[in-house]
Amino acid sequence: MKVLAFYLPQFHRIPENDEWWGEGFTEWTAVKGGCALYEGHRQPKVPYDNNYYDLLDKKTMEWQAGLMKKYQVYGMCIHHYWFKDGRKILEKPGENLLKWKDIEMPFCFSWANESWARTWSNLSNSNTWADSIEPIQKNDSESGILLEQEYGNKADWEKHFYYLLPFFNDERYIRIDGKPVFIIYKPLQIGCLRVMVEYFNKLAALNGFDGIYFIGNSTDVGSMDAMIYLEPLYSLYENSAEIEKISGNNKALRSLDYNILWEKIISRNIKTGTKCYLCGFPGYDDTPRRGLNGLVIKNSSPQEFEEWFEKLVIKSLNLKNEYVFLNAWNEWGEGMYLEPDKEYGDAYLEAVSEVVTNCNQTSFMKNELCDTMKNDDFDILSTKNEIIMNLLDKWLTFKEQGISFDTYLIENGYQSIAIYGMGILGRHLLKEFEGGKIDVKYVIDKRSIKAMSELPVYSICDSWPVVDLIIVTPVVELTEIIKMVKAKIECPVIGIDELFYKIR
């Protein structure tokens, strides 16, 4: 499984932003202007070590590429802006990447095909630039349109294609089935979509490609090769009735719970025969851009993100997708970023790496939320993947039948336990006991699991406190691990496979 993150190129100065929002404006201007609007509001967002970078600095993109490689983010979907009459904007980071061949950053483009308008209310009404800029920099159009999106004719499409061609030819450009990937944000807004796509594919064939691999956002359009639900906006639209107003003086400010949106993402049915790529998000808070007109998705954390992202990757594997998307790498002004910050450090990136590592090791396992097996028999299978698939299916059967882990353990005299192994099964088991009658005293793991649990974490070499039972969750070399644990501590030890068998 390969992770692709959407990438915002607005972290450098351009003449247009100097004119529209004030001299020196970049995305960081909005981010630094964020402020807490209610008790507990986590604003402003501050990058780790105050790294307010400039994307025109090669060292910045080298640093980002290093983070990608370290934390298993495969590539970037760089937002691409192409307007009426071939007008480009924020194109320099992509063009620089094309020149800097030594930067190992696989990439593709996502065409943000909508007009630019004055919609950042926090900037136009409340920010430090407003009083001096707004009276003199109004656009001629009463509609507030700054850059108009129109699609033109074949001459315009040809110009657009040949601008993109050097990128498509770059060996780092991401391809599916040998075709350069090109995402379109709003395909339904393109009245000439079918004809334009056909022409792009014709030009691609003339230049040595089998075509362009078009991915359309949020809709199954026949002209596209695949679709993607760009989150969290798609699920926000579906859950608009559940959005709440934050009480107090800031009644206009809206909020929604992080877990509600993720539940919607994971449980959404994908129409049979539709090629659909899935997308998740680390968090969302656009109040730096929109002020009191903004939206805050509350209760996000690296731990919650990791648990949900794991389910998204499992579902993607079941769909036989090679890629899974995250929105975004660096949307700081909307609170959607994986990059390290002052509050959590690199915990979100660590979560991505942990999930990718575990799920690639156990690819094609069953998603306990979405898949069931008709055969309930519990057979210990010969490979790690098959064992985990079987256990997760059995787990879902328990839930459907109302069978409780707590009840079984208490009936057998176990009230305080420890869990050995914080892989996929260990983390699900820990989640199973949250808020129940069983007291999980600590976990044992050889890795750092920062932001995974507030429980004490012991290494294999530490001395462990005595509990009523230790449950061992790894499925590889399980017998040897159980022998080692029994030799180390005087308390009952059971493997997760035996536990499942006994509960049955």
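User: How are the axes and the angle between two helices defined here?

Analyst: Axes are lines fitted to C-alpha atoms over the stretch in contact, and angles run from 0 to 180 degrees between N-to-C directions. This is a predicted model. In it, helix 12 (residues 302-318) packs with helix 16 (residues 424-433) at an angle of about 120 degrees. Their axes lie 12 Å apart.

User: Are helix 12 and helix 16 parallel, antiparallel, perpendicular or oblique to each other?

Analyst: Angles from 65 to 115 degrees count as roughly perpendicular and those over 145 as roughly antiparallel. Helix 12 and helix 16 are therefore oblique. Their crossing is left-handed.

User: Which residues make the contact?

Analyst: Helix 12 contributes Glu304, Glu306, Glu307, Glu310 and Lys311. From helix 16 come Ile424, Arg427, His428 and Lys431. Sorted by type, the residues of this contact are seven charged, one polar and one nonpolar.

User: Is helix 16 mostly covered or mostly exposed?

Analyst: A residue is called buried when its relative accessible area is under 20%. By that cut-off, eight of the ten residues of helix 16 are buried, and the helix is mostly covered. Among the buried residues are Ile424, Arg427 and His428, each of which also takes part in the contact with helix 12. Leu425, Gly426, Leu429, Leu430 and Phe433 are buried as well.

User: What follows helix 16?

Analyst: Glycine 435 follows, with a positive phi near 75 degrees.

User: How many helices and strands does the protein have, and what share of its residues is buried?

Analyst: The protein has 18 helices and 23 strands. Of its 504 residues, 56% are buried.

Methods: Residues are numbered from 1 along each chain as its sequence is written. This is a predicted model: local features need pLDDT of at least 70, side-chain atom pairs count only at pLDDT 80 or more; totals for chains, interfaces and linings use all residues. Side-chain values use heavy atoms; hydrogens and water are left out. Helices (H or I, at least four residues) and strands (E, at least two) are DSSP runs, numbered from the N terminus. Buried means under 20% relative accessible area, exposed over 50%, partly exposed in between (1.4 Å probe, protein chains only). Angles under 35 degrees count as roughly parallel, over 145 as roughly antiparallel, 65 to 115 as roughly perpendicular and the rest as oblique. A crossing is left-handed if the near helix is turned anticlockwise from the far one by less than a right angle, and right-handed if clockwise. Contact means heavy atoms within 4.5 Å. Ala, Val, Leu, Ile, Met, Phe, Trp, Tyr, Cys and Pro count as nonpolar, Asp, Glu, Lys and Arg as charged, and the others, Gly among them, as polar.
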